[in-house]
Amino acid sequence: MSKNKKTSLSEKLADVIIHGMQEKKGNEIVRLDMRGVNATLSDYFVICHADSNVQVNAIAKNVEDEVYKTLGQDPWHKEGHGNGEWVLLDFVDVVVHIFKTDKRQHYRIEDLWGDAQVSTYQSA
């Protein structure tokens, strides 16, 4: 697969993920473009947070459902569904982080990738 085709697929995947977050009112949705960052395997990180464990899990489920419905793709790996503090969905080209508000403030994951280009999105 050519690099341009891979990039357009990962952009589409990131867009679908963002839409899934917006539908469930994810807060401070951010897409980090990791393509220019050395030593990263994924094209994008998409990050948001929610005020409750229930909402964190609902956002994660909706992201999974939207990606499957639109692209027929399941996450390659996922973690954190049980506790609702920090859910990670790894779609390989795009990695999703859904935090409970206090966990996002604690880990400050965006600060770890200062070289990434940042785009922000509002909930619907």
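Predicted model: local features only at pLDDT ≥ 70, side-chain atom pairs only at ≥ 80, totals over all residues.

Residues are numbered from 1 along each chain as its sequence is written, and side-chain values use heavy atoms, without hydrogens and water.

Start with the largest nonpolar core, which has 22 residues. A nonpolar core is a set of buried Ala, Val, Leu, Ile, Met, Phe, Trp, Tyr and Cys residues joined through side-chain atoms within 4.5 Å. Buried means under 20% relative accessible area, exposed over 50%, partly exposed in between (1.4 Å probe, protein chains only). Ile17, Met21, Val46, Val63, Phe91 and Ile98 touch the most other members. Two or more residues come from each of α1 (3-23), β2 (44-50), α2, β4 (86-90) and β5 (94-100). Helices (H or I, at least four residues) and strands (E, at least two) are DSSP runs, numbered from the N terminus. α1 gives the most, six residues. Apart from this core lies another, of eleven residues, including Val30 and Leu88.

Now take helix α2, residues 53-71, where Asn62 is found. Asn62 is buried, at 10% relative accessibility.

The structure holds nine salt bridges. Each is a side-chain nitrogen of Lys or Arg within 4 Å of a carboxyl oxygen of Asp or Glu. Asp65 pairs with Lys61 at 2.8 Å, N to O. They are about one helical turn apart because four residues separate them in α2. Lys69 bridges to Glu66 at 3.0 Å. Lys69 is exposed, at 62%, whereas Glu66 is buried, at 9%.
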